[in-house]
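Visitor: Could you take me in for a close look at one single part, and then show me how other parts are held together?

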Amino acid sequence: MVFIHLHCHSPYSFLSGASSIESLVAQAALYRMPALALTDHNTIAGLPEFHRWAGIYGIKPISGAELTMEDGSHLTVLVETRQGFRHLCELLTIMHAQEGGRTQPRLAEADLFRLSEGLIVLSGCRHGQLQQALSKQEYARARHWVERYREIFRDRLYLELVADGYPGYASRMRLLSELSRCTGVPLVATSDVHAANKQLFPVYDVLCCMALGCDVYTPHPGRPLNRMGWLHDVDEAILRFAEFPEAIARTIEIADRCTAVFPIDKTLFPTYRTEDGRGGYPFLEQLVFAGARERYGCLDGATTARLQHELEIIRELGYVDYFLVVWDIVRFARSRGIRCAGRGSAADSAVAYCLYITDVDAVGRGLLFERFMSLERAERPDIDIDFASDRRDEVIDYVYHKYGRERVARVATYQTFRGRSAVREIGAALALPEDLLDALAKRVPWSTHADQLEDALGRVPELRMFQEYRERLSWLFAIARHIAGFPRHFGMHSGGIAISSSPLFEVTSLQPSASGHWITPYDKRMLEDVGLVKLDLLSLRTMSAIEGAIRESSKFGRIDYDAIPLEDEATFSMIQRGDTIGVFQLESPAQRALQARLGATGLEDIVASVALIRPGPILGNMVDPFIARRQGREPVTYLHPKLEPILGKTYGVVLFQEQVIEIATAIAGFTPGEADELRRVMSHARNYTEMKKIGELFMEKALQNGIAESVAATIFSYIQSYASYGFCEAHAAAFATTAYKTAYLVQHYPALFYASILNQLPMGYYPVHVICAEAKRRGIRILPIDINESTWDCTVPSESEIRLGMRLISRFPETVATAVNEERTRGGPFRSAVDLILRVPQADRLHIEHLVRVGALDRVEEADRNELIWQLPQWFAQRQSGSLPLIHSSAHPAKQPRTAMRPASLAQRLADEYALVGVGMSGHWLDLYRCDLQQLHYNTIAEALSMPDGERVTVAGLAIRPHRPPTKSGRTVVFFTLEDETGMLDATMFESVYRTEGAVVFTPYGRLLGASGVMQRRGGARGQLLVDHIWGLS
Amino acid sequence: MSRIVRRPIAVSRWCDGEPLAFQDQEAVRVIVDVIDRWFEMGCWWLGEGERKMMRVWTEDGGLMDLEEDAGQWFIYKVWD
């Protein structure tokens, strides 16, 4: 006898599926089941992955879903035909589009009946209408339900017997059998699977607790009563359904009826045509060569040959329309003055350069087109384009308009459980003490995955104190390990968009985002599985910051961004000093330290810099050799002469992904297919076993190629270290141009560019107080938020001043800021808080209180901030009752006695300013401590920076962005920056200090730190602190 | 009304792996009807497993829930 599970939930049922899709399919294959159905709650998101694994394990995938009906009951639906799949996609879309459907999708029976063709219906689990009617002994209602559904679905309706082991299940099964006999609607056996095996019950139970917001001690009808919902074998089915063998046999009958819906055997990308009907290969060729003549002036033979080679591959792989679509989008953006630039491996393409999709001259830089597209790989190309963040949506609107809303959708993204969220959510479900969970979650490093928690407890110093709770936390760790890759939250990809040649219902359902966009439930990988192509129209705040600076510069003589000279001495001099806070890609402490040592003199050095500070080159120990060779302090040598043409331009050091591929080809004679496998392992899998396998192949082929074993082994060790994470040269080059140009803006237009950065926060590496501190260091006055001067944005009153804008105030609405601005323009400056309250009715008490707290009324009010806050409730009550007098002076109506009111201290003002704006406008946080610090012989940071190498210093400051990047040795090195009222100092802490006392940096007590150590410069001009002691000052 | 008693019993007669009669303290009770059967998971985080539950009528007119936990049978609940 054969039994097939036709009702099965994966993790895409969100907190209702305890086993990965692969393990469900593997378990079914292990039991030699010829087919398996996937029926997640109200989604088809798991289907592409399900079809992929089913293909690998050789079983037939049956698509379906468990739908929630209007009354909250469940109904199991299976796809019989492709039309049925289209109907299912449409039904899911209808469910999600209704009011409240984003969080609680519901399906009207009328819609189901209207789109019933091609769908098979099983009557549902104990939450189904039929089972509920039987439980309540409403037999007439049960029979009526069956008759209504039979009328619509005819032979596609089955009564679902679920041996779920709940009270009354045996009698319900007998009643269903009786109903089947009376109505002639056949029975089918299912087990409402939520886990691949019995042992996963705790995982399922905890997930349910998380969904219900309760803990394991709380009885709840939504929690599973027993562990019978597992993917059991046929013997168990025979036991469970002993009285109903025909219900078991019917599972195979249904499986035979159902069609596998993926893969779709046609490309779904649209054919591009201009409005006058032009398109296809000749049009692309014409555009490319027209662009080439603009880009290169005169075309030489090599460039022409390269372009023809690329075009040939594009044509052969069928991506002519893809390039035309992207060209069209970029053309639209440029025509509207929307700043954009292609990034990623697309910059390897000269065709993309000539179509103005990228700004990197792939021919001039000698970049390999095959890194982007190749006949051997035949993968879909992936072009990522950055647009100015504040105008990117105009581009997306254009795509909707051009291809039709029924053919365009945003791409989904799934957040999986991270270490911190796993601690909080699983811990709460296990009823572990809140304090313990909070303390643990705050100390778990951000990058820790859910399956690394137990390991982190033994490895990370700041988690050492939790060792004593190890046993108590054992269930938490075990469950976290299991659910590590499970989707937790569904969201919209920041820039991914799918365009289809036919209506998207052919392959996907859609659901609205909070912002009103339609999203497919598929992420990038799933889209590819169903034949759709994703375009990445990314929003890059740096582009908006550039645009903002250009816009604001019109006051002082407009910046011509496109004409920025690429060899500006002052800009390179600034970069050489490492003064690059605010510069795209070059602002991290590691980059600033690198710049101070590297001495960049040209764009090529910036390209190298962007690629150098990546885990790959760092783990490969390539940073120091690169600097030494670049500066001529170390000879450029090659392990083998064959490496010279590959590594010549990077001084014998492996910097770029392309070089790794070329090395494998030159040294080991890798075929394009093998090289591509290496590329895949490097950029996607990063899997130890796969890397070992490819290493063995490399060694074997290198030896055959006549390379000495030791040399081959050393070369492969470079590849292996590099494999972690590195940039391709095209990507580094694309970023480097923007990096240099933003450096130019910082050097020559600091007020404009820093004001523009402040308007785009959060962006880049640093918070608002660091950007302000750096601007001040460059001689720019930071003017506080002022009710009579500030607008929503930060502005630049003169080339040496930045006026902070109201947008920096936490949760302050733009509408109120705009109303303040308009009223000020209309009626003149505000003369008091009362004047403001009267003239701006959009402002509520909290808005005015925030303005007071950040000092925005300091210049118009004699009264202290505390006194104003005290008066606000009364003034607002008077405004509401219409009794607030129209007094335009500082004489306040009905002023309350001030006797008990103490003026706001500096500490209070700073606390408010830092909390609400992120920067002190009345001073610096360290001003409060300076007298004490002086008595304790602390140095200021300005003093420390002026000290020679080797000098001991003790400093205090706000800790900025502590982080632990990977190192070649595997030992931990902590980098952070300290900021006081005199400047900023980068600090490095090695593992010995970190393990004994340095963990404080990563705790809530580490925001204000004291540190002592030795100043050092490591060949650069910029001093750094090598920390040997550190302590919290909070 | 019902009372949870969770009192161990000794099964004296069986039918297909289920009790037919059992010794409850001084009394011998004979099951005349099984009204329902179901399964319940215990506190798995404390090491408890799944329990089999039966609601039965006994010959002397008693309505009670029996529970099997790791091979041992109990009267879990008595209904008045």
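Guide: Start with A:Leu910, which has its place in helix 39 of chain A. Helices are DSSP runs of H or I with at least four residues, strands are runs of E with at least two, and both are numbered from the N terminus. This is a predicted model, where local features need pLDDT of at least 70 and side-chain atom pairs pLDDT 80 or more, while totals for chains, interfaces and linings use all residues. Residues count from 1 along each chain as written, chains are lettered from A and ligands numbered from 1 in the order written, and side-chain values use heavy atoms, without hydrogens or water.

Is A:Leu910 buried or exposed? Its relative accessibility is 0%, so A:Leu910 counts as buried. The cut-offs are under 20% relative accessible area for buried, over 50% for exposed, and partly exposed in between (1.4 Å probe, protein chains only). Now look along the chain to A:Met921. In sequence, A:Leu910 and A:Met921 are eleven residues apart. In space, their C-alpha atoms are 7.4 Å apart.

Stay with helix 39 for a moment. A:Glu913 and A:Arg865 join their side chains in a salt bridge, at 3.0 Å from N to O. A:Glu913 belongs to helix 39 (residues 906–916) of chain A and A:Arg865 to helix 38 (residues 865–881) of chain A, so this pair links distant parts of the chain, 48 residues apart. Both partners, A:Glu913 and A:Arg865, are buried. A salt bridge here means a side-chain nitrogen of Lys or Arg within 4 Å of a carboxyl oxygen of Asp or Glu.

How many salt bridges are there over all chains? The search of the whole structure finds 74. Take A:Glu823 and A:Arg839, whose closest N and O atoms are 2.7 Å apart. A:Glu823 sits in helix 35 (residues 814–827) of chain A, A:Arg839 in helix 36 (residues 833–839) of chain A, and the two are 16 residues apart. A:Glu823 and A:Arg839 are both buried.

Next, a salt bridge between strands. The side chains of A:Arg952 and A:Asp1028 meet at 2.8 Å, N to O. A:Arg952 is in strand 16 (residues 952–963) of chain A, A:Asp1028 is in strand 20 (residues 1024–1032) of chain A, and 76 residues separate them. A:Arg952 has a relative accessible area of 48%, so it is partly exposed. A:Asp1028 is partly exposed too, at 26%. Some salt bridges share partners: A:Arg577, A:Asp579, A:Glu774, A:Arg777 and A:Arg778 are joined into one network in this way.

Now turn to the aromatic rings. Over all chains, 32 aromatic pairs are counted. The rings of A:Phe332 and A:Tyr398 are stacked because their centres lie 4.2 Å apart and their planes meet at 5 degrees. A:Phe332 is in helix 13 (residues 320–335) of chain A, while A:Tyr398 is in helix 15 (residues 392–403) of chain A, so the pair ties together parts 66 residues apart in sequence. A:Phe332 is buried at 10% relative accessibility, and A:Tyr398 is buried at 16%. Compare A:Phe466 and A:Tyr469, a tilted pair with 6.4 Å from centre to centre and 45 degrees between the planes. Rings of Phe, Tyr and Trp (its six-membered ring) pair if their centres lie within 6.5 Å; under 30 degrees is stacked, over 60 edge-to-face, the rest tilted. A:Phe466 is buried, with a relative accessible area of 1%. A:Tyr469 is partly exposed, at 26%.

Rings also gather in groups. One aromatic cluster is formed by A:Phe269, A:Tyr319, A:Tyr322, A:Phe323, A:Phe369 and A:Phe372.

Charges can meet rings as well. A:Arg295 has its charged end over the ring of A:Tyr353, 4.1 Å from the ring's centre. A:Arg315 lies over the face of A:Tyr281, 4.0 Å from the ring centre. The rule asks for NZ of Lys or CZ of Arg within 6 Å of the ring centre and within 35 degrees of the ring normal.

Finish with two strands. Strand 1 (residues 35–41) of chain A pairs with strand 2 of chain A in the parallel sense, over seven bridges. Pairing needs at least two DSSP bridges between the strands. A:Ala37 has A:Ile62, in strand 2 of chain A, as its bridge partner. Strand 2 (residues 60–68) of chain A has eight of its nine residues buried, so it is largely enclosed by the rest of the structure.
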